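Here is a short report for someone meeting this structure for the first time. Start with the sheet, then move on to the core and the rings.

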Amino acid sequence: MAFSGFYEESLFFLNQLAVNNDKAWFEEHKSDYEKWIVQPSRDFIVDMGKKIQEFCPMIHAEPKVNRSMFKIYRDTRFSQDKTPFKTHFALWFWEGERPRMENSGFYFHVDLDNILVGAGIYQFSKELLEKYREVVAVPDRAKELTEIIDQCKKEYRIVQKHYKRVPRGFDADYPYADLLLYNGITAFKESEVPDEFYSSDLVDYCVNHFKKMNSLHR
């Protein structure tokens, strides 16, 4: 079906889940999760994919869990927080043939009160981090990326630098040494849930931001 918007019940479900974050409650209300979160997300992914493919023809938009949809279950193995479910939902549109989270892409996230749109790679794999450092060690490429980041900063937040020192083997006095402190680069914007969330206009709302972030994605 064509995407016609999310629902007030979509946010209501997330708020109820935050209060009743246990398996018994979720199983009792799983049909609500499917109706208010999963089905509109699938429709959104399909319509959003078509729009993004107009300027990124090779984008992946796959309305399945562990593809464009993130699972609702939390990985609690290494966390002190043992609550079993996420109280947000997120969607991912990526470009590239590596495992989906090792590619750059466009991100959409909804929590209890806000939505977030973003683009880039949240964390480089070891292989990509090495390649990234090789590229930004070339002044012309580093200058280009710096200009793209500076342009994005006019409207979006850029993920914070991860490392405190320039990695071994690189010149700390290099004019673009700051770029070597990142272990991933994303631009993102977080805001209160807009009116567009409840209509098909949400697709264009997100696409307008994704187009502005496309230079960083590229």
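## The sheet

Five strands make an open sheet, ordered 1-2-3-5-4, with antiparallel pairing. Two strands pair here if DSSP finds at least two bridges between them. Strands (E, at least two residues) and helices (H or I, at least four) are DSSP runs, numbered from the N terminus. Strand 1 and strand 4 (157-158) are at the edges; each has a single partner strand, so one side of each lacks a neighbour in the sheet.

The model is predicted: local features need pLDDT of at least 70, side-chain atom pairs count only at pLDDT 80 or more, and totals for chains, interfaces and linings use all residues. Residues are numbered from 1 along each chain as its sequence is written, and side-chain values use heavy atoms, leaving out hydrogens and water.

| Strand pair | Bridges |
|---|---|
| Strand 1 and strand 2 | Seven bridges |
| Strand 2 and strand 3 | Six bridges |
| Strand 3 (residues 114-121) and strand 5 (residues 185-192) | Eight bridges |
| Strand 4 and strand 5 | Two bridges |

Individual residues show how the strands line up. Trp-94 stands opposite Gly-105 in strand 2. His-109 has Leu-116 of strand 3 as its bridge partner. Leu-116 also stands opposite Glu-190 in strand 5. Asn-114 is bridged to Glu-192 in strand 5. For Arg-157, the bridge partner in strand 5 is Phe-188. Strand 2 connects to strand 3 by a hairpin, through three residues.

## What covers the strands

How many residues of strand 1 are buried? Seven of its seven are, so the strand is mostly covered, where buried means under 20% relative accessible area, exposed over 50% and partly exposed in between (1.4 Å probe, protein chains only). Both faces of strand 1 are covered. Phe-89, Leu-91, Phe-93 and Glu-95 are buried on one side, and Ala-90, Trp-92 and Trp-94 on the other. Strand 3 is largely enclosed by the rest of the structure, because seven of its eight residues are buried.

Helix 3 (residues 30-52) touches strand 1 and strand 2. Its direction makes about 25° with that of strand 1. Axes are lines fitted to C-alpha atoms, for helices over the stretch in contact, and angles run from 0 to 180 degrees between N-to-C directions.

## The nonpolar core

The largest nonpolar core holds 59 residues. Such a core is a set of buried Ala, Val, Leu, Ile, Met, Phe, Trp, Tyr and Cys residues joined through side-chain atoms within 4.5 Å. Phe-44, Met-48, Phe-93, Phe-108, Tyr-132, Leu-202 and Cys-206 touch the most other members. Helix 6 (residues 201-217) gives the largest share of this core, eight residues.

What does Leu-202 touch, leaving aside its neighbours within four places in sequence? It is in contact (heavy atoms within 4.5 Å) with Phe-3, Phe-6, Phe-44, Met-48, Phe-108, Glu-196 and Phe-197.

## Rings and charges

The whole structure has 21 aromatic pairs. Rings of Phe, Tyr and Trp (its six-membered ring) pair if their centres lie within 6.5 Å; planes under 30 degrees apart count as stacked, over 60 as edge-to-face and the rest as tilted.

Phe-6 and Phe-89 form a tilted pair, because their ring centres are 5.3 Å apart and their planes are at 50°. The pair links distant parts of the chain, 83 residues apart. Phe-6 is in the segment before helix 1 (8-19), and Phe-89 is in strand 1 (residues 89-95). Phe-6 is buried at 2% relative accessible area, and Phe-89 is buried at 6%.

Phe-106 and Phe-210 are tilted as well, because their centres are 5.0 Å apart and their planes at 40°. Here 104 residues separate Phe-106 in strand 2 (residues 104-110) from Phe-210 in helix 6. Phe-106 is buried at 0% relative accessibility. Phe-210 is buried, with a relative accessible area of 0%.

One aromatic cluster is formed by Phe-3, Phe-6, Phe-44, Phe-89, Phe-108, Phe-197 and Tyr-198.

Charges also meet rings. Arg-100 lies over the face of Phe-70, 4.8 Å from the ring centre. The charged end of Arg-133 is over the ring of Tyr-163, 5.3 Å from its centre. A charge sits over a ring if NZ of Lys or CZ of Arg is within 6 Å of the ring centre and within 35 degrees of the ring normal.
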